[in-house]
Amino acid sequence: MHSQCWLFLLCGCSHNKDFYQGSGEGENEKPSVDELFDFNTQQSCHVNIDYCLKDYVIIFEIYSEDPLVELDGNYVKKEIDPVYRASTDKNGKFMADITLPAYMEDEAWLYTDYLGVINCVKLNIIDHSLSFNQNDFMKEARGISPRATLPTGYTYPDEFKVLGNWIDKWGTPNYLLESQLPSADILYRVKKIYSSVDKGKIGKAHKELLEESVPVDIKIEKATKVYLTFINTTATIQNTVGYFTYKTGTTHDPDKIQKIISFPHTSPYYRNLNRVGALIGGDRIQLKYWDGEKFLDEFPAGISIGWFMIRMGYSNTTGNVTSKGKTIHYSTTSLNSDNMRHVVALHDNGEKLVSIGFEDQIEPYTDWNYADAVFSLEYDVDGVIGELPSLPSDSDKPGLEDNFVLSNGTIVFEDQWPDQGDYDMNDVAIYYEGKRYKNPISNGVTKCVDKFTVINNSNSADYQNGFGYQLSNLVGNNIKSVLIDGADKSSYLGENNLEPEQSHPTIILFDNAKNFIGKTITVTIEFNGEIAEGLLQAPYNPFIFIKNDRGRELHLATIPLTKANYKPTQKANMEYWGQDLDMTNEGDGIYYVAADLMPYALYVSGERFILPDERQNIADAYPKFTEWAKSQGEKNKNWYLFPKK
C-alpha cells in the first residue's frame, strides 16, 4: 500500500487519482490512523530550568546551535534567532511545555547574557525533555569540592604571591568561600554599565569614566576585611587577575610592588563539561593584606588596593600562570605600556560594594567594554572606601516589554485544493515572526505582536487567495483589542478587526495575496487578563481561502493524533470536503489530507523556507522530503535545511 501511496512523490507532478486504491467505485479507501502523518515540523519539549538563585529574574534563550562566536578576543552573539526565548520566575526557575523544531532531537544550547550564571551551555534533549540545574551542573563539572586542598604542583612566577593553590588545570582556587552574588539590583545595574553591546560600551557611552582624574583604586580609610566575587566575563582569552597594595597618596613602581594573584584563571564555565573554564558567577574569595612578611585578614587604613591583569597569563593545558612575554594591564594608567586605562571601578555605598571591570585588549583597539573580567568587591565596615565614581542607577532589569517568546517559520499552501495540483507548495507563502509578551512573574501571555510577510512570487498562483488565522483555543471575550498595520481592512472583518459569526477569534489579513507580495503586515493583540502560553502556540491556526471564495478554506493538516488545532472555522464550506483528492472527514477527525496521505499546506518551523520553483514538486526541490514523509517524521527531520542545489 505504501509503494502506491508514495508514487506521487517519486514521479513528480503526476495528477492521477489512483495514488491510493479505493473501493472500486471511484472513492478513496479510508486510511487507518497508523498510516496518517500530520507533517508537523515541530515537537513538544518539556523544559525545566533552575539557575538556583533567589529574587533574580533571568531572560534566557534556546538555540539549535552554538550562538556564540569569537570576535576580537570576545565571545559575541551570532546574528541568528533563538528557537525559544522566555523569562524565569523571580527565583531563577522556569518550567513549561514548549515547541521546538523537530530536528532538535539530541541537543540544544541554553544562553543568557545575564550576570552571575553560566551564560552558554550545551544540553542534551532526552525523551523530549530539556533540563538544567546550575548547582547540579557545577557539582558535576568540578567533580570535587572547590574547598579541597590538594598538592597540585601548578606554577606561577616567583615574583608573585598567591592566596592558595588551585585544584585542577582549569585554575579553580582551593580558597573559594561559599558562593555569594550581589543583589539582583546590583547585577542588573552592572550588566547595564559593563555592556558588551556596541553603543553601550563604556568606551563609547561613558567616556567620562576614562578621564585621568577619575579614581579607580580602592582607598581604605578604615581597617576592614575585603572580599572579591567573580561576576562575569566576555573574553575568550585566558587571563589572570590580581592586586597589589601601596600607601595611599604615594607613587609606585611596577617592578617593586608585590603582586598577588587573586584568580589565576578568569574564564568561566562554557558550553559543556568537556570544554570549561574555572569560574561561575558568585565564586568568592577573601583578599589578604601582605605586610611584607605575612598575610593579614584585614587591610589597614591608609592603604590603597590597585589591580592588574596578566593578558593571556593562564594556560589550561598546563595549569600554570606565566608573565613572561605577556602584557600586564594595571589600574594605574601610568604603569601601562600603552598609557591607556584598563580598569573601571564604580561604588555603591548603600550596599558596601565596588564593581570592577577589566579591559584586556591591546592594539588595534576595537573594544573598550571593560567586561573582560567583572568582579564585585565587598567590605564589612561603613565608611571604608575613599572617593570613587558611583555605580549608575540605570538598570537592565527585565520588564513587560523584555519578556517575550519568539517564534518564526514559513507557512506554505497548495491552492489547487481539493485537487492535488502541482504540489510546488508556493502558491501562497507567508513568513511568520511572532512575539508573545508575558508577565515576567506568572509567565502568562498579555499581548501578541505577529508579523506576516508574503514571500511567494507574483507568478506562483493564478488565483485570488486570501489569508487569515484563528486563535482556536480562545473565545471572543479573551480579546481586548486587535490592531492591524500594513494592510487595508479586509472586507470580511468587523469593527473590532475580528471576523463576525465565529466561535473563536478569527483575523483576516487580506483578500488577495497578490496585492501584498513582499509586504509585511503586523497584528497586535492585547488580551483581557493573561493567557496560558500553551493556548497560543505558533503559528496559531493559519489558512487561506481560494479564488476569493471565503468558504473554500484550506488549513494545515489535522489527524486524530494531532495536538495542534488546525480545524476549519465556521465559515468553511463543507461541500468541498471529500471532493477530488481531499480525504477530509469530520467524523474521523481528519482534515486537509489528500488521498495519497499528503497535506495541502505545511508549516516550516524556525526557518525562512526557500520555495520550490513554479511547478517544481517539493520532493524534487528537497531530496530529503520523501524519506521524512515516508517515515512519518522519524527520519530527515531537518529536510527543509537541504534544498536541491
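Glu105 is partly exposed, at 40% relative accessibility. Here partly exposed lies between buried (under 20% relative accessible area) and exposed (over 50%), with a 1.4 Å probe and protein chains only. The model is predicted: local features need pLDDT of at least 70, side-chain atom pairs count only at pLDDT 80 or more, and totals for chains, interfaces and linings use all residues. Residues are numbered from 1 along each chain as its sequence is written, and side-chain values use heavy atoms, with hydrogens and water left out.

Glu105 forms a salt bridge with Lys637, with 3.4 Å between the closest N and O atoms. A salt bridge is a side-chain nitrogen of Lys or Arg within 4 Å of a carboxyl oxygen of Asp or Glu. This pair links distant parts of the chain, 532 residues apart. Glu105 sits in the loop between strand E6 (93-101) and strand E7 (107-111), and Lys637 in the segment after helix H7 (625-630). Helices (H or I, at least four residues) and strands (E, at least two) are DSSP runs, numbered from the N terminus. Lys637 is buried, with a relative accessible area of 15%. Asn636 also lies in the segment after H7. Its phi is near 50°, a positive value in a residue other than glycine. Asn636 is partly exposed, at 25% relative accessibility.

The whole structure holds 21 salt bridges. Among them, Arg550 and Glu499 meet through their side chains at 2.8 Å, N to O. Arg550 lies in the loop between E33 and E34 and Glu499 in the loop between strand E30 (479-485) and E31, so the pair ties together parts that are 51 residues apart in sequence. Both residues are buried. Asp291 and Lys294 also form a salt bridge, at 3.1 Å from N to O. Asp291 has a relative accessible area of 31% and is partly exposed. Lys294 is partly exposed too, at 42%. Glu61, Lys77 and Arg85 are linked in a salt-bridge network.

Four strands form an open sheet in the order E31-E29-E33-E34, with antiparallel pairing. Its edge strands, E31 (506-510) and E34 (553-555), each pair on one side only. Two strands pair if DSSP finds at least two bridges between them. Neighbouring strands are turned by 30° against each other on average, direction ignored. The axes are lines fitted to C-alpha atoms, for helices over the stretch in contact, and angles run from 0 to 180 degrees between N-to-C directions. Strand E33 (residues 541-545) pairs with E34 over three bridges. Phe545 has Glu553 of E34 as its bridge partner.

Helix H3 spans residues 134-142, and its buried residues are Gln134, Phe137, Met138 and Arg142. They lie on the same side of H3 because they cover an arc of only 115° around the axis. The arc is that of the directions from the helix axis to the C-beta atoms. Lys139 and Glu140 are exposed on the other side. The cover over the buried residues includes strand E1 (42-50), strand E8 (120-126) and strand E9 (129-133), where contact means heavy atoms within 4.5 Å. Asn133 caps the N-terminal end of H3, with a side-chain oxygen 3.1 Å from the backbone nitrogen of Asn135. Just after H3, Gly143 has a positive phi of about 80°.

Cis peptide bonds join Trp417 to Pro418, with omega about 10°, and Ala538 to Pro539, with omega about 0°. Pro418 lies in the loop between strand E26 (404-413) and strand E27 (428-438). Pro539 is in the loop between strand E32 (520-531) and E33.

Notes:
Polar contact = N/O pair within 3.5 Å; in protein donor to acceptor, adjacent residues only side chain to side chain.
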